[in-house]
Every structure is written in C-alpha cells, then in structure tokens.
Amino acid sequence: MADHHTHVQDFFTARASDWDTRFPDDAPAYAAAVEALGLLPGDAVLDAGCGTGRALPALRGAVGPQGTVLGADLTPAMLQAAVRAGRDRHGRLLLADVARLPLRNAALDAVFGAGLISHLSHPGPDLAELARVVRPGGQLALFHPIGRAALAARHGRRITDDDLRAEPNLRPLLAHSGWRLDSYTDEDARFLALAVRAD
C-alpha cells in the first residue's frame, strides 16, 4: 500500500503544476457529469481524488451556498495547485486517502470521482469505503472526460478485457462494494458510471 501511495503521489506531483493547462477544455464535461448526479441544494458531496479541484466549482453550483463540498486528495502538490487556481473557495480541501476517509458513516449524499478508479490500490475495499460515507440511496459518479477507447489511444494502448472500467467488470465490483450500477456511458467524449448506494 505504501509503495502504491508513493507511486501515485510521485506521478501526480510531477504533473501538478501544468495539469490544468494540459487539459484546458474539460470544464464543460465536468459540469455535465456533475449535473448527471442530480445533486440538490443543501446536499453534501465529496470529490474523491479531487486533484486540482476542477469539479469543485460545478459541485458548489449544484449544492448551493448551504451545501457541503469536500475535495480529498492524496497528493499535496495537487491540492496546492487547486488553491493556486482559487478552487478552495468552492469547497474544503482535505489531504486524505480515499481508502481511509476522515468522515463519519452516511455523512454524504454523493461522491464524485474523476479518473479515480484506475488509481485505487484496492478498488473493492476503496469503493466500499466510499459507500460507508454515503447515505443509503446516495450516489456515486465515476467519470472521465474521455471514454476508455480514447484514453487508451492517448496513451498508445488498446483496451483490455481486464479494464476495471469495463461494464462487465465494474458492475460486480460495485455490487460487492455496496453500490448498484444505475447507468453506464462509455463513448469517445465521456465515460460516466452512475451508481446508487445500496440499503
């Protein structure tokens, strides 16, 4: 686990300073994914693995001034980049591992995770930890601004059958972690899996 955390931190620390400039056109995709969560004014939501906080303005817009917006990330450099971008105005930033969140049971209405699942050291238990902090009936959005095929092509790879984000793999993974997959979209312009916290 420590080795995995170090690897993730090293990967994102090296990229934090120019992360937003590398993907300057993603804001509308983030906003559309947040809208799909169906958040209500006053809701409490966590951006898990928030990085530079690109989802935080849209999340704040969805829950309004009375809502609670948290952004948790493992990499200090990414959180520092979020502060430099002024996104800490939209939510409270936490230096935290999504595998051990400093939140009480059922504290949240929803979790948003952009590009999260491929960086989890133990996807099943980590998704179960996200389920722990969400109330029954609450929601999870697993999002990426481009689909699996487009992302693989960007990295010079091909999609493989063992990709956790493939629906035949993701559906049972979520089910064993306290979630029910509600909708699944994997197209060039977006990956979005929406799940509901099981009772």
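1. Seven strands, in the order 3-2-1-4-5-7-6, make up an open sheet with mixed pairing. Strand 3 (92-95) and strand 6 (179-187) are the edge strands with a single partner each, so one side of each has no neighbour in the sheet. From one strand to the next the twist averages 15 degrees. On terms: strands (E, at least two residues) and helices (H or I, at least four) are DSSP runs numbered from the N terminus, and two strands pair if DSSP finds at least two bridges between them.

2. Before going on, a caveat: this is a predicted model, where local features need pLDDT of at least 70 and side-chain atom pairs count only at pLDDT 80 or more, while totals for chains, interfaces and linings use all residues. Residues are numbered from 1 along each chain as its sequence is written, and side-chain values use heavy atoms, with hydrogens and water left out.

3. Now look at strand 5 (residues 134-144), which pairs with strand 7 (residues 190-197) in the antiparallel sense over 6 bridges. Phe143 has Leu192 in strand 7 as its bridge partner. Helix 3 (residues 27-37) packs on the sheet and touches strand 4 (108-114), strand 5 and strand 7, with its direction at about 150 degrees to that of strand 4. Contact here means heavy atoms within 4.5 Å; axes are lines fitted to C-alpha atoms, for helices over the stretch in contact, and angles run from 0 to 180 degrees between N-to-C directions.

4. Next, the cores. The largest nonpolar core has 30 residues, and those touching the most other members are Leu46, Leu108, Leu127, Leu130, Leu140, Leu174 and Trp179. A core is a set of buried Ala, Val, Leu, Ile, Met, Phe, Trp, Tyr and Cys residues joined through side-chain atoms within 4.5 Å; buried means under 20% relative accessible area, exposed over 50%, partly exposed in between (1.4 Å probe, protein chains only). A second, separate core of 18 residues includes Leu56, Ala114, Leu192 and Leu194.

5. Finally, the rings. The structure holds 4 aromatic pairs (centres within 6.5 Å; planes under 30 degrees apart are stacked, over 60 edge-to-face, the rest tilted). Tyr30 and Phe143 sit edge-to-face, 5.0 Å centre to centre with 75 degrees between the planes. Tyr30 is in helix 3 and Phe143 in strand 5, so this pair ties together parts 113 residues apart in sequence. Phe112 and Phe143 form a tilted pair, at 5.6 Å and 35 degrees, and both are buried.

Terms used: Rings of Phe, Tyr and Trp (its six-membered ring) pair if their centres lie within 6.5 Å; planes under 30 degrees apart count as stacked, over 60 as edge-to-face and the rest as tilted.
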